[in-house]
Amino acid sequence: MSFYLKKQIEKMKGTVKTGEFVESIQNLEKGCIIQTSKDKIYEADYVIMALPPCNIKKIKFSPDLSVQRKLINNKNLLGQCTKLILLY
């Protein structure tokens, strides 16, 4: 994540967590619940992730991603795509 984006989020009283791999994201009516590889659970209004596109297959989404999104993820190999924007 860019240093500038991190500073802007913190300036608006937001929180940025880094250095933890996201294992699951549960999208609720108001916000999200994020579970990390360090067994931590966070609640958030929004989630911004910076990761190689091929790693998105390792994250469990609830509700599940669309079939089209899964097909794109499954065909995406490391090095084929350098940026991915996902609205969930």
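This is a predicted model: local features need pLDDT of at least 70, side-chain atom pairs count only at pLDDT 80 or more; totals for chains, interfaces and linings use all residues.
**Figure 1. Overview of the fold.** The protein has 2 helices and 4 strands. Read from the N terminus, the order of elements is α-β-β-β-β-α. Of the 88 residues, 24% are buried. The protein exposes about 7,100 Å². Carbon and sulfur atoms supply 55% of that area. Among contacts between residues at least 6 apart in sequence, 37% link residues at least 24 apart.

Figure 2. The 4 strands form an open sheet with the order 3-2-1-4. Pairing in this sheet is mixed. Strand 3 and strand 4 (60–62) are the edge strands, and each pairs on one side only. From one strand to the next, the twist averages 15 degrees.

**Figure 3. The hairpin of strands 1 and 2.** Strand 1 and strand 2 are joined in a hairpin through 2 residues. Their pairing is antiparallel and spans 6 bridges. Leu28 has Gly31 of strand 2 as its bridge partner. Asn27 stands opposite Cys32, also in strand 2.

**Figure 4. The hairpin of strands 2 and 3.** Strand 2 (residues 31–36) and strand 3 (residues 41–44) run antiparallel, joined by 4 bridges. Gln35 faces Ile41 of strand 3 across this pairing. Between the two strands of the hairpin lie 4 residues. Which residue in the turn has a positive phi? Asp39 does, with a value of about 60 degrees. Asp39 is a residue other than glycine. Its place is the loop between strand 2 and strand 3. Asp39 is exposed, and its relative accessible area is 64%.

Figure 5. Strand 1 and strand 4 run parallel and are joined by 3 bridges. Gln26 pairs with Ser62 of strand 4. Ser62 also takes part in a cis peptide bond with Pro63, where omega is about 0 degrees. Pro63 sits in the loop between strand 4 and helix 2 (67–75).

**Figure 6. The largest nonpolar core.** Which residues make up the largest nonpolar core? There are 9 in all: Val22, Ile25, Cys32, Ile34, Tyr42, Ile56, Ile59, Phe61 and Leu65. Strand 1 (22–28) and strand 2 are the elements that give two or more residues to this core. In soluble globular proteins, nonpolar side chains tend to be buried together. Leaving aside neighbours within four places in sequence, Val22 contacts Ile34, Gln35, Thr36, Met49 and Ile59. Ile34 and Ile59 are core members too.

Figure 7. Lys6 and Glu10 form a salt bridge, with their closest N and O atoms 2.8 Å apart. Both residues belong to helix 1. They are 4 residues apart, about one turn of the helix. Side chains of opposite charge can pair when their charged atoms come close.

**Figure 8. The salt bridge of Asp64 and Lys70.** The side chains of Asp64 and Lys70 meet at 2.4 Å, N to O. Lys70 has a relative accessible area of 34%, so this residue counts as partly exposed.

Figure 9. Leu5 lies in helix 1 (residues 3–11). Leu5 is partly exposed, with a relative accessible area of 33%. How far apart in space are Leu5 and Val16? Their C-alpha atoms are 9.6 Å apart, while 11 residues separate them in sequence. Lys13 is found in the loop between helix 1 and strand 1. Lys13 has a positive phi of about 70 degrees, although it is not a glycine. Its relative accessible area is 75%, so Lys13 counts as exposed.

Notes. Residues are numbered from 1 along each chain as its sequence is written. Side-chain values use heavy atoms; hydrogens and water are left out. Two strands pair if DSSP finds at least two bridges between them. A nonpolar core is a set of buried Ala, Val, Leu, Ile, Met, Phe, Trp, Tyr and Cys residues joined through side-chain atoms within 4.5 Å. Buried means under 20% relative accessible area, exposed over 50%, partly exposed in between (1.4 Å probe, protein chains only). Contact means heavy atoms within 4.5 Å. Axes are lines fitted to C-alpha atoms, for helices over the stretch in contact, and angles run from 0 to 180 degrees between N-to-C directions. Accessible areas come from the Shrake-Rupley method with a 1.4 Å probe; for residues, only the protein chains shown count as cover. A salt bridge is a side-chain nitrogen of Lys or Arg within 4 Å of a carboxyl oxygen of Asp or Glu.
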